[in-house]
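Try each exercise on your own before you read its solution.

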Amino acid sequence: MGLKNEAYITGVGQSEVGVRINRSALGITMDAIKAALDDAGLTLDQIDGVSTYPGRMASFLGFSPIGVDEVIETCGIKARWHMGGGELPAQLSAIAEAANAVKTGQARHIICFRTVYEAAALSRPEEFPPLRREFVDGASQWTAPFYAISAACWIAQYASRHMKRYGMTREQLAQIALNANRNALLNPNARNITKKPLTMDEYMEARLISTPFCLYDCDRFSDASTVVIVSAGDALDEVTATPIRIAATAGKVDRYSWDQAEWVAAYATGPDLWAKTDYKPKDVDTVQFYDGFAFFPITWLEGLGFCEVGEGHKFIEGGHRIARDGELPLNTGGGQLGAGRLHGFGFAYEAVTQLRQAAGERQIPGDPRVAVATSGGGPLAAALLLAKD
């Protein structure tokens, strides 16, 4: 039995992860929901809440093709609480809000999901029209005229500052991609994304996307759905899987636009997370850090206090400390660089899998009990601290 006023992750599930898959976006969402229900030992009639980020986006369907309404309707869920919106501090906030809902008695079991369909959408523009603009307005007026139309351009500037100010090298940055590749090769869910080892030479010779990022520093569009079930502490007698407590959550926004924010939001989110718990960085057994670009995990290492600001590249140098058998195993499932752009939810999935010691070949040694999962990394960010009690 769990603690009454706490929230727990009781089920996780993931659909096939692929590139230009033939299944529909709703179909893979249902696959992930079924997998999570089976994992938790729950049935649909026990679910009374649904949460997602950022909700269905009609203008950008490949990015977010499924909303809470479609899941509620398709599954016949009698929802007492539901939420789906992008005006939150990053993707894992959908899980944090679900935790708040079960703590306050608004629901007992909540399906949290994130479905991405970006690769399939690109291959079928007649069904998923690409974004087109006749003029620039809003936040884009400060970036598009300078051809900075991709987040790769925006985040590359922060990485370049670390190189100039703190001495980070591309060889050090490469350790994030190399570590992701090694771990993804052991992850069955990543078999359609990463198929062969990556060497330092291949990394250094890869074409640049936006200095200092090369091709291997950028995550890859993929198609998948990931589901996390959040349950109330007094509802754990209904589940069969090992529950993982959501010990703390945090989220910060530093200028919702990308324009001129001095630091990415990981640096403000880290202290906020530790302020809500008695756990400290030294208690953490594994970290699953958002890596839409390879520089993000470095900002999370620094922002969460695993090392000093400006020391993240030294922490990962050589890759030994962040390896599966290292001091702080990082992105043990391959992250988004190695296992596909699952847009944040994959990190919660992997953290739970590791804490349950159910990761197979990629399982970290010992008896891991505390993990951190994060999402975001530009002007908005969110973090979960998960504990196996």
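Predicted model: local features only at pLDDT ≥ 70, side-chain atom pairs only at ≥ 80, totals over all residues.

Residues are numbered from 1 along each chain as its sequence is written, and side-chain values use heavy atoms, with hydrogens and water left out.

**Exercise 1.** Work out the strand order of the open sheet and find which strands stand at its edges.

*Solution.* Start with the elements: helices (H or I, at least four residues) and strands (E, at least two) are DSSP runs, numbered from the N terminus. Two strands pair if DSSP finds at least two bridges between them. Walking across, you get 9 strands in the order β3-β2-β4-β7-β1-β8-β11-β10-β9, with mixed pairing. The edges are β3 (81-84) and β9 (286-288); each has a single partner strand, so one side of each lacks a neighbour in the sheet. From one strand to the next, the twist averages 25°.

Angles run from 0 to 180 degrees between N-to-C directions, with axes fitted to C-alpha atoms, for helices over the stretch in contact. Helix α2 (residues 68-75) lies across β2, β3 and β4, at about 145° to β2. Helix α8 (residues 266-274) touches β8, β10 and β11, and makes about 140° with β8.

**Exercise 2.** Describe how β7 pairs with β1 and β4, then decide whether its faces are covered or open.

*Solution.* First, the partners. β1 (residues 7-14) runs antiparallel to β7, joined by 7 bridges, and Gln14 sits opposite Thr226. On the β4 side the pairing is antiparallel too, over 9 bridges, with Phe113 partnered by Val227.

Next, burial: buried means under 20% relative accessible area, exposed over 50%, and partly exposed in between (1.4 Å probe, protein chains only). In β7, 10 of its 10 residues are buried. In a regular strand the side chains alternate between the two faces of the sheet. Here one side has Asp223, Ser225, Val227, Ile229 and Ser231, the other has Ala224, Thr226, Val228, Val230 and Ala232, and both faces are covered.

**Exercise 3.** Which residues form a nonpolar patch on the surface?

*Solution.* Patch members have over 30% relative accessible area and no salt bridge; nonpolar side chains (Val, Leu, Ile, Met, Phe, Trp, Tyr) are joined within 5 Å, like charges within 9 Å. Areas come from the Shrake-Rupley method with a 1.4 Å probe; for residues, only the protein chains shown count as cover. That gives Ile209, Leu215 and Tyr216, with about 230 Å² of accessible area together. Tyr216 lies in the loop between β6 (213-214) and β7 and, at 31% relative accessibility, counts as partly exposed.

**Exercise 4.** Find where the partners sit in the salt bridges Glu6 forms with Arg245, Lys34 with Asp38 and Asp367 with Lys388.

*Solution.* A salt bridge puts a side-chain nitrogen of Lys or Arg within 4 Å of a carboxyl oxygen of Asp or Glu; the whole structure has 20 of them.

- Glu6 and Arg245 have their closest N and O atoms 4.0 Å apart. Glu6 is in the segment before β1 and Arg245 in β8, 239 residues apart.
- Lys34 and Asp38 meet at 2.9 Å, N to O. They are 4 residues apart in helix α1 (residues 25-40), so about one helical turn separates them. Lys34 counts as exposed at 52%.
- Asp367 and Lys388 come to 2.9 Å. Asp367 is partly exposed at 42%, whereas Lys388 is buried at 12%. Asp367 lies in the loop between α12 (345-355) and β10, Lys388 in the segment after β11.

Conventions: Contact = heavy atoms within 4.5 Å.
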